[in-house]
Amino acid sequence: MPRSTPLAQARRVIAMEIDALSAMSARLGPEFERAVELILRCPRRVIVCGMGKSGHIGRKIAATMASTGTAAFFVHPGEAFHGDLGMILPEDVVLLISNSGETDELVRLLPFLQQQGNALVAMTGRADSAIGRAADVVLDIGVECEACSNNLAPTSSTTATLVMGDALAVTLSVLKGFRPEDFARFHPGGSLGRRLLTRVSDVMQRERLPFCAESASFREVVQAITRGRLGLVLVGTPAALAGIITDGDIRRAFERHANPMNLTAADIMSARPRTVDADTRLAEAESWMRELRIHALVALDARQQVCGVVQLLSQEPGWSAPAPAPLTVPDSALETSGP
């Protein structure tokens, strides 16, 4: 038979793994709920153990649990017999991962764990295996066959294990009421954590905000925008904001009016400017600015008075907010007066 194309092979693998996940989902039942309850009642940590590919998946499961509110870490079963058994305390729940359920390094752990009284959750494809029989709860990760063309390399089975671990971690986080703020506390060094922890008040421009009166002349408006270096000027006062004028509004004034120098701030401004509470998370403010396709929001304090201006700090591929480029107006235009 002719060899299939690379794309056909890739689609075959993906389809087989999707089928394996669908079958696992259909089998999901009370055992999963028992595992969740067991971990929820655990006074300490979840210890994850696995060898080979199961060990790699186990490390990821432990990391996902730890970052979503369930204290967990990975213990290598081989290292366990050289001192790392001391990491496992009697109050810990131990999650043993083995597709066959007969992995020697895990089976050798069973006497110690049983003597210590640890609660055991097994992720295995064989409930009647040594590990399955010893466990308090068995989560069935069995697959009909591997996506490997020889049905040998762990493929569908490791995907099923990974997804079962994700289901467990996410379910636990939901039941614990885990919030974005909690996630950010565990990721303070990453950009995501900084964005989730950062408030508008932390980054907004609050000093020397450019203001002008509604009666301000065109020249005064341009001068205020230039001094403020934010690409905008606020019309009114902090306690009574009437509108906002951006450098884009100035450019449009030149396009639409033969004599823009006769205009006042009230003629140019956008009334009811977009505002945001200063205590709002920066991520929410940035999302709103992208949705509105604007580059700045006026920040209000608890008294609903202007206390700052926040600008779009990060941009997504494919779209950029109109950056507040320096406003350049011909000197001759500013010098002209009268009709």
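Me: Which residues in α8 does α1 meet?
Reply: This is a predicted model, where local features need pLDDT of at least 70, side-chain atom pairs count only at pLDDT 80 or more, and totals for chains, interfaces and linings use all residues. Residues are numbered from 1 along each chain as its sequence is written, and side-chain values use heavy atoms, without hydrogens or water. Helices are DSSP runs (H or I, at least four residues), as are strands (E, at least two), numbered from the N terminus. With contact meaning heavy atoms within 4.5 Å, Met16, Glu17, Ala20, Leu21 and Met24 in α1 meet Ser156, Thr159, Ala160, Val163 and Met164.

Me: Are α1 and α8 parallel or oblique to each other?
Reply: Their axes come within 9 Å and cross at roughly 45°. Axes are lines fitted to C-alpha atoms over the stretch in contact, with angles from 0 to 180 degrees between N-to-C directions. Under 35 degrees is roughly parallel, over 145 roughly antiparallel, 65 to 115 roughly perpendicular, and the rest oblique. The pair α1 and α8 is therefore oblique.

Me: How far apart are the axes of α12 and α13?
Reply: Phe218, Val221, Val222 and Ile225 in α12 meet Asp247, Ile250, Ala253 and Phe254 in α13. That contact has seven nonpolar, no polar and one charged residues. The helices pack at an angle of about 145°, and the axis distance is 10 Å.

Me: Which element gives the largest share of the lining of the largest pocket?
Reply: A pocket is an open set of points on a 1 Å grid over the protein atoms alone, where a 1.4 Å probe fits, with protein on both sides within 12 Å along at least five of seven lines; lining residues have an atom within 4 Å of a point. The largest pocket has a volume of about 380 Å³. Of its 20 lining residues, the closest to its centre are Ile244, Thr246, Asp249, Arg252 and Ile294. The largest share, four residues, comes from α13.

Me: How many residues of the lining of the second largest pocket are polar?
Reply: The second largest pocket holds about 180 Å³. Its lining has 14 residues, with Ser54, Ser98, Asn99, Ser100 and Thr103 nearest the centre. Four are nonpolar and two charged, and the polar count is eight.

How values were computed. Points joined across faces, edges and corners; volume = space filled by probe spheres on them. Nonpolar A, V, L, I, M, F, W, Y, C, P; charged D, E, K, R; others polar.
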